[in-house]
Amino acid sequence: VVTAGLQALIDRFVAESFAAYVLRYLGLRTVALLVSITAIFLFYRFLPNGPVRSDDVLPAALLAGLVAELVRYLYLFALPYLDLQWSQGPYYVSIGFVLLAYVEAFVLVGGGFLAVPEEKDAEAPRPA
């Protein structure tokens with residue numbers, strides 16, 4: 001609904017041109033990024049087995065969302081060089097999605113580690 005409303009708003013106030021195309025693209029990418037960050041925030045906030053403060057997970061969710069977007073762009077850049085159609089045959093589309101999900105899972109796990117608050121106990125034993 002948000003993206004359709006945004007597109008209708010741009011179409012209403014900007015004549016069909018290259019500028020309208022750029023505004024539409026930037027608006028849709030921004031909304032997609034915000035939805036992605038919100039989903040990651042909700043994962044980090046509500047999936048753990050104990051209480052988690054929103055202040056602890058919001059920076060990690062923002063960073064993970066931005067890094068996930070960067071990973072998607074890098075993946076789209078690298079995809080033609082992987083030549084999955086030659087190596088995977090008719091399954092190249094499915095394998096492409098699995099590879100992207102695999103790499104983005106590492107981004108989510110890394111962001112989860114960032115969301116863990118630091119221990120304030122200075123007397124904890126250090127490994128030898």
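In this predicted model, helix 3 (residues 54-82) and helix 5 (residues 92-115) have axes that come within 9 Å and cross at roughly 155°; helices here are DSSP runs (H or I, at least four residues) numbered from the N terminus, and axes are lines fitted to C-alpha atoms over the stretch in contact, with angles from 0 to 180 degrees between N-to-C directions. That angle makes helix 3 roughly antiparallel to helix 5 (over 145 degrees). The crossing of helix 3 past helix 5 is right-handed, i.e. the near helix is turned clockwise from the far one by less than a right angle. On the helix 3 side, the contact (heavy atoms within 4.5 Å) involves residues including Asp 56, Val 57, Arg 72 and Tyr 75, while helix 5 brings in Gly 96, Phe 97, Glu 104 and Ala 115, among others. Sorted by class, this contact holds 15 nonpolar, two polar and three charged residues, where Ala, Val, Leu, Ile, Met, Phe, Trp, Tyr, Cys and Pro count as nonpolar, Asp, Glu, Lys and Arg as charged, and the others, Gly among them, as polar.

Now for the largest pocket, with a volume of about 290 Å³. A pocket is an open set of points on a 1 Å grid where a 1.4 Å probe fits, with protein on both sides within 12 Å along at least five of seven lines, and lining residues have an atom within 4 Å of a point; the volume is the space filled by probe spheres set on the points. Of its 17 lining residues, Tyr 75, Leu 76, Leu 79, Gly 96 and Phe 97 sit closest to the centre. Helix 3 gives the largest share of the lining, seven residues, and the lining comprises eleven nonpolar, two polar and four charged residues.

Helix 1 (residues 2-13) and helix 2 come within 10 Å, axis to axis, at roughly 160°, so helix 1 is roughly antiparallel to helix 2. Leu 6 and Ile 10 of helix 1 and Leu 23 and Val 31 of helix 2 are among the contact residues.

Residues are numbered from 1 along each chain as its sequence is written. Local features need pLDDT of at least 70 and side-chain atom pairs count only at pLDDT 80 or more, whereas totals for chains, interfaces and linings use all residues, and side-chain values use heavy atoms, with hydrogens and water left out.

Technical notes
Helices (H or I, at least four residues) and strands (E, at least two) are DSSP runs, numbered from the N terminus. Angles under 35 degrees count as roughly parallel, over 145 as roughly antiparallel, 65 to 115 as roughly perpendicular and the rest as oblique.
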